[in-house]
Amino acid sequence: MSRKSIILPKGRARARAGSPWIFSNEIRMDEAAKSIAPGAVINVRGEDGRAFGTGYFNPKSLIAIRLWSDDCDVVIDRDFFAVRLKRALALRSAIYDKPFYRLVHAEGDALPGLVIDRFDDTLAVQIGTAGMERQTETLLQALEIVVKPKTVILRNDAPSRALEGLDSHVKTVKGEGRRIAVEENGARYFADLAEGQKTGWYYDQRDNRAFIAGLAKGKTVLDAYSYTGGFGILAAKAGAKEVVCLDSSAPALAIAEESARANSVTIKAVKADVFEELERLKAAGERFDIVLTDPPPFVKSKKDLEPGAKAYRKLARLAADVTAPGGVMMTASCSHNIPPERFAQECAQGLLRAGRAAAMIRQSGAGPDHPVHPLLPESAYLKAIAYVLD
Ligand code: SAH
């Protein structure tokens, strides 16, 4: 096979210990390597010829290589994708009784650079890297074999694509219809797969929504950063006395209200900035039995760690201020750039500053349709902590 090889010199590259990522400063970036087209499939070998695997290469990216396999010369074709997709599908089919889940979670499903959310016969596909982008046609063919979707929407508009030199676009490549229904935890929601955030729906919070709903009967609930009402509507369905969904996005709140009607429940949708609204609620003396905050990532890159950490602390303080005595507060972070311990520490500081004694009752992350490669712990981006307050 005439496939090019990239040399992994001796050293401390994480790939030597099984990581599927190789950084640009870990390889020999000679002229030959630089001339390889972004996204090309390559072999990785040690200086002694040791095989490290088949991967794809992007000379422009900090993560220069993502490995498909730890064997060299693996053929990346439709059948290769079909095998991995079938494995991903088998896991979800074993866990969920309805076809609504994250079907592919990148490295966790040995498909680096690829995320697919499934909404019955509609797929929202997110391609994040040049290496996966080059395989788009092959992937779509494999999806035809394994899933046979009616509709496929490419949500190739994640800002991180710029790091790979990729453009931003959203395209329906099969079928039609971007407004779909989501069934989750026995509730029915709506999502807009073309305009909505990320793929249009956040499956990662499924189990956390069920946890909150389990506590909600007869309670007042503040769902801050509610998006389309994933938490709030389930809580209302579980018998909450009052649910406020708070978000800055009018289109997201409009969908939340529509979803509430579909479940024959009522929510109060409030369009406001969460920090400002929490201050206002505090000043007005309003308190809720359950307060949850699920903000957008405050730590978008490593350099944002300190200001981001401070924002999590402040948010925890404000959330605690509006949590009723004996109430439950749940904080979440979807920033993979803040480690779980640091996030927990900031929340603890926020509680302290609010003057509230608290006990942690649950620490969790995303559900099992978001598998994590054991040597890429940072890809377990979602952290959620629930506390009971004095
Ligand atoms: N909890 C949601 C997901 C939240 S995503 C769910 O279960 O599906 C983050 C949300 O925060 C988005 O809907 C976005 O519109 C909203 N948002 C971002 N900045 C905000 C701000 N300053 N005030 C209020 N909402 C904000």
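**Entry 1, ligand site.** I worked from a predicted model. I listed the shell around the ligand first: 15 residues surround the ligand, and the closest are Arg209, Tyr225, Asp247, Asp273 and Asp294. I sorted the shell by residue type and got seven nonpolar, four polar and four charged residues.

I then looked up individual atom pairs. For Arg209, I found an N or O atom of the side chain at 2.8 Å from an oxygen atom of the ligand. For Asp273, a polar side-chain atom and a nitrogen atom of the ligand are 2.7 Å apart. Val274 takes part through the backbone: one of its polar backbone atoms is 3.0 Å from a nitrogen atom of the ligand. I also checked the cover: on its own the ligand has 590 Å² of accessible area, and the protein covers 88% of that.

I traced an open sheet of five strands, with order 6-7-8-9-10 and mixed pairing. I noted strand 6 (100-105) and strand 10 (169-174) as the edges, since each pairs on one side only. On average, neighbouring strands of this sheet are turned by 20 degrees against each other, direction ignored.

I followed strand 6 into strand 7 (residues 114-119): the two pair in the antiparallel sense over five bridges. Val104 has Ile116 in strand 7 as its bridge partner. Helix 4 (residues 136-146) packs on the sheet and touches strand 7, strand 8 (122-127), strand 9 (151-156) and strand 10. I noted an angle of about 155 degrees between the directions of helix 4 and strand 8.

Terms used: Residues numbered from 1 in each chain as written. Predicted model: local features only at pLDDT ≥ 70, side-chain atom pairs only at ≥ 80, totals over all residues. Heavy atoms only, no water. Near = heavy atom within 4 Å. Polar contact = N/O pair within 3.5 Å; in protein donor to acceptor, adjacent residues only side chain to side chain. Areas by Shrake-Rupley, 256 points an atom, 1.4 Å probe, with all protein chains shown as cover. Nonpolar A, V, L, I, M, F, W, Y, C, P; charged D, E, K, R; others polar. Pairing = 2+ DSSP bridges. Helix = DSSP H or I, 4+ residues; strand = E, 2+ residues; numbered from the N terminus. Axes fitted to C-alpha atoms, helices over the stretch in contact; angles between N-to-C directions. Contact = heavy atoms within 4.5 Å.
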